[in-house]
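The sequence and structure come before the details.

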Amino acid sequence: IKPDAVRKGYTESIFDKIQMEGFRIIARKDTLLTREQAEDFYGIHKGQPFFENLVNLMTSGPIVVAALEKSNAVELFRTLIGKTNPQEAAEGTIRRLYGETVSINAIHGSDSDENAQKEVRFFFSENEVSF
Ligand code: ADP
Ligand code: MG
């Protein structure tokens, strides 16, 4: 959950929705990204015109990170959150419900199994999650 959604008090509503869709929460915690961590996490986007803005937003306040489990989780979670731009996201998706703009879009979701594994490891140590 990105800082914009945490700030607006949407965290619990979003987690309720995630669990209602059958995702199991393996681990969850509140944290705050340093500038260096945000630049690293979104390293793939370095050089994009929106990169600086993305790092500023992602370090603007607390975030809530979670490791989720479900069969076909990556694809189903991407469907649940909706398109990057909340205005283009389908009705009922998390970004449509809780996002505002393409940059202020409430939530992140891993885009492949490989990246999901990397991103879980980015936030959690081996004694917090096992897979
Ligand atoms: P997603 O989060 O849907 O996987 P991307 O990986 O393409 O999307 O981009 C990562 C994040 O960077 C987005 O969630 C959004 O916060 C920001 N972003 C992407 N494209 C733009 C853009 N054109 N303008 C502003 N911010 C953007
Ligand atoms: Mg992405």
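Which side chain of opposite charge is nearest to Lys-17, and how far away is it?

## Basis of the description

The model is predicted, so local features need pLDDT of at least 70 and side-chain atom pairs count only at pLDDT 80 or more, while totals for chains, interfaces and linings use all residues. Residues are numbered from 1 along each chain as its sequence is written, chains are lettered from A and ligands numbered from 1 in the order in which they are written, and side-chain values use heavy atoms, with hydrogens and water left out.

## Lys-17

The nearest side chain of opposite charge to Lys-17 is Glu-21, 4.7 Å away. Lys and Arg are taken as positive and Asp and Glu as negative, with His and the chain ends not counted. Lys-17 has no salt bridge; that term requires a side-chain nitrogen of Lys or Arg within 4 Å of a carboxyl oxygen of Asp or Glu. Buried stands for under 20% relative accessible area, exposed for over 50% and partly exposed for values in between, with a 1.4 Å probe and protein chains only.

Lys-17 belongs to helix α2 (residues 11-20). Apart from neighbours within four places in sequence, Lys-17 has contacts with Leu-80, Gly-92, Ile-94 and Leu-97, where contact means heavy atoms within 4.5 Å.

## Overall fold

The chain has seven helices and two strands, in the order α-α-β-α-α-β-α-α-α from the N terminus. These elements are DSSP runs numbered from the N terminus: H or I over at least four residues for helices, E over at least two for strands. The radius of gyration is 14 Å, close to the 14 Å given by the globule rule for 131 residues, so the chain is as compact as a globular protein of that length. The radius is taken over C-alpha atoms, and the rule is 2.2 Å times the number of residues to the power 0.38.

Along the principal axes, the C-alpha atoms fill a box of roughly 35 × 35 × 25 Å. Of the 131 residues, 38% count as buried. Among contacts between residues at least 6 apart in sequence, 66% join residues at least 24 apart.

## Salt bridges

Side chains of opposite charge can pair when their charged atoms come close. The count for this model is nine salt bridges. One of them joins Glu-69 and Arg-24, with an N to O distance of 3.1 Å. Glu-69 is in strand β2 (residues 63-69) and Arg-24 in strand β1, so this pair ties together parts that are 45 residues apart in sequence. Both ends are partly exposed: Glu-69 has a relative accessible area of 39% and Arg-24 one of 46%.

Arg-35 and Glu-39 form another salt bridge, at 4.0 Å N to O. These two residues are four apart in helix α3 (residues 35-41), a separation of about one helical turn. Arg-35 is partly exposed at 35% relative accessibility, and so is Glu-39 at 29%. Salt bridges with shared partners join Arg-35, Glu-39 and Glu-52 into one network. Lys-83 also bridges to Glu-88, with the closest N and O atoms 3.9 Å apart.

## Aromatic rings

The whole structure holds six aromatic pairs. Rings of Phe, Tyr and Trp (its six-membered ring) pair if their centres lie within 6.5 Å; planes under 30 degrees apart are stacked, over 60 edge-to-face and the rest tilted. Phe-23 and Phe-77 form an edge-to-face pair, 5.4 Å centre to centre with 80 degrees between the planes. Phe-23 lies in the loop between α2 and β1 (24-31) and Phe-77 in helix α5 (residues 73-81), so the pair ties together parts that are 54 residues apart in sequence. Phe-23 is buried at 4% relative accessible area, and Phe-77 is buried at 9%.

The rings of Phe-41 and Tyr-42 have centres 5.1 Å apart and planes at 85 degrees, so this pair is edge-to-face. Both residues, Phe-41 and Tyr-42, are buried. Ring pairs link Phe-41, Tyr-42, Phe-122 and Phe-123 into a cluster.

## Charges over rings

The charged end of Arg-28 sits over the ring of Phe-15, 4.1 Å from its centre. Lys-70 lies over the face of Phe-23, 5.5 Å from the ring centre. The criterion is NZ of Lys or CZ of Arg within 6 Å of the ring centre and within 35 degrees of the ring normal.
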